[in-house]
Amino acid sequence: MKKFVAKIWNSPSARNVGKLLSANVIAQAIGLLVYPVLTRMYTPEDFGVLSLFASISGVLIILSTLGYHEAIVLPKEEEDARAITVFSFSLIAATSLLLFFSIPFAGKIAGIFNSPTLENFYWLLPIYVLLSGIWNVLNYWFIRQKAYKQISSYQMSQSFFAAGYKLGFGLLGCLNGGLIFASVLAPLCSLSVTILSSAKKFFYMSLAWQKEKIRYVVVRYANFPKFSMPHSLINYTAGQLPVLLLTPFFSAHEVGLWSMAVTLSFVPLSMLTNALFQVLYQRVSEMVNAHRSIAQVHRSFTIIALSALLPLFIGAWFILPSMVELILGSEWRMTGIYIRWMLPWLLCVFLCGSVGYLYSIFFKQKYGLYFEIIIAVMRLLGLGLGIYYNNFALAVACYAVVSAIINGIQYIWLMNLVHKYEKSL
C-alpha cells in the first residue's frame, strides 16, 4: 500500500493535478476572503444583476465555439489541433460580432428578464463573451501542451484582478455596475498577462490557417457541435433550474439559503474536479492514441476518490448544520442542512465530472447528451413535486436525490466504456 501511494504521489499526473489544484485553492481563497467586505459595499440587487449578466453570458459562451474547443486535446497531429484552435477563435469572433449588433435591442432584452438595470450594461456582454471564449480555447490548447503553469497563472491572476476591481469600484463609490465592470476587466487583464508571458509561444503556434485542415477537423469532430455543445448547454441550464423555477413560487430568502448551499459546496468541489479533468483528459487521450491500457488510471482514481471522500462526507453529515451556523450565523443553519442533503450528489458529481472526458475520447458525446436530457427532466419533476406541495425543502431534496441517482448511473456507464476499450485491446 505504501509503495502504491508513493507511486501515485510521484507520478507526473499527481504533480500536474497539484499545480492546478494549488492555483485553484489560492484563486478561490482570494474570492472568498473579500466576499464579506463586498456584501457590505454592494446591495443584493447589485449581485442580482451580476448573476443575471453571468447567466446570460454563460449560455452564449457555451454556444460561441459550438463545443469544438473541447476537441483540441484529441488529434494525434499538431496541425489538426491548430486547425481546431483557429476555427474556434473564428467562431468566437463571429458570435461576439453578432452580439454587438444586438446592442440597440438591449432595452427589449432587459425587459424580457424584468431587469431594467441590465440595459445599462448590456454593451459589456459581447466583450465578456469574447474574452471568456478566448480563454476557453486557450485553456484546452494549454492542456494539450501540458502548459499547466499558464493555466494556473490565469486562474490566480483572474481571481486577484476580479477581487481587486470589485473592491476598488466599491471604495470609489461606483456601486452601480461595479461588479459587472470588474467581471469584464478581470479576464481582460488576466488574458493579457497570460498571453504576453511565456504562454505567448503557444498562442502564436495556434495561428495557422489552412482551409483544407479546417474542413477536415470540422467534419472529423462533428460530434462536438452535435452532442457535446447541447450536452454542456443542458447541463448548465439544468444547474440553474432551482433558482429559475422556485423563485416565482417561494421567497427570495429561501432561494438565497439554497444558493449559498450550492456556492459553498460546489466551489471547493469544482477546484479538484477541474484539475483532475484537465490533467487526466490530456494523459488518457495520449494513452488511447498509443493504444495503451487505461484501466489502471481509472481504477486508481476510483479507489483514491472513494477512500478520501467517503470518510470526509460521513463526518460532514453530522456537523454541517452547526458548522455553517457558527461561520455564517444562526439564520443560515438551513444552508448546512441543504448541503448535508447534497452530499451523495456531490460525491457522484465529483466522480462523473473528473472522468467526463471519456465521452469525447471515445466519441460517445450523444450518450452524454442523453444523460443530460434525462437528468434535466428528472430534476424538473423533482422540483415540480415540491412546487405542487408548496414545500421548498421537498423541492430541493428531490432535486438533489434524483441528481445523485442519475449521476451514479452515469459514472457506472462511463466505467463500462473503459472496460469495453480494454477488451478491444
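**Aromatic rings, pair by pair**

Q: Where does W413 fall: buried, partly exposed or exposed?
A: W413 has a relative accessible area of 24%. Buried means under 20%, exposed over 50% and partly exposed in between, with a 1.4 Å probe and protein chains only. So W413 is partly exposed.

Q: How many aromatic pairs does a search of the whole structure find?
A: This is a predicted model, where local features need pLDDT of at least 70, side-chain atom pairs count only at pLDDT 80 or more, and totals for chains, interfaces and linings use all residues. Residues are numbered from 1 along each chain as its sequence is written, and side-chain values use heavy atoms, leaving out hydrogens and water. Rings of Phe, Tyr and Trp (its six-membered ring) pair if their centres lie within 6.5 Å. For the whole structure, the search gives 21.

Q: What kind of pair do F169 and F181 make: stacked, edge-to-face or tilted?
A: Planes under 30 degrees apart count as stacked, over 60 as edge-to-face and the rest as tilted. The ring centres of F169 and F181 are 6.2 Å apart, with the planes at 40 degrees. So this pair is tilted.

Q: Over which ring does the charged end of R340 sit?
A: That takes CZ of Arg (or NZ of Lys) within 6 Å of the ring centre and within 35 degrees of the ring normal. R340 has its charged end 5.1 Å from the centre of the ring of W317.
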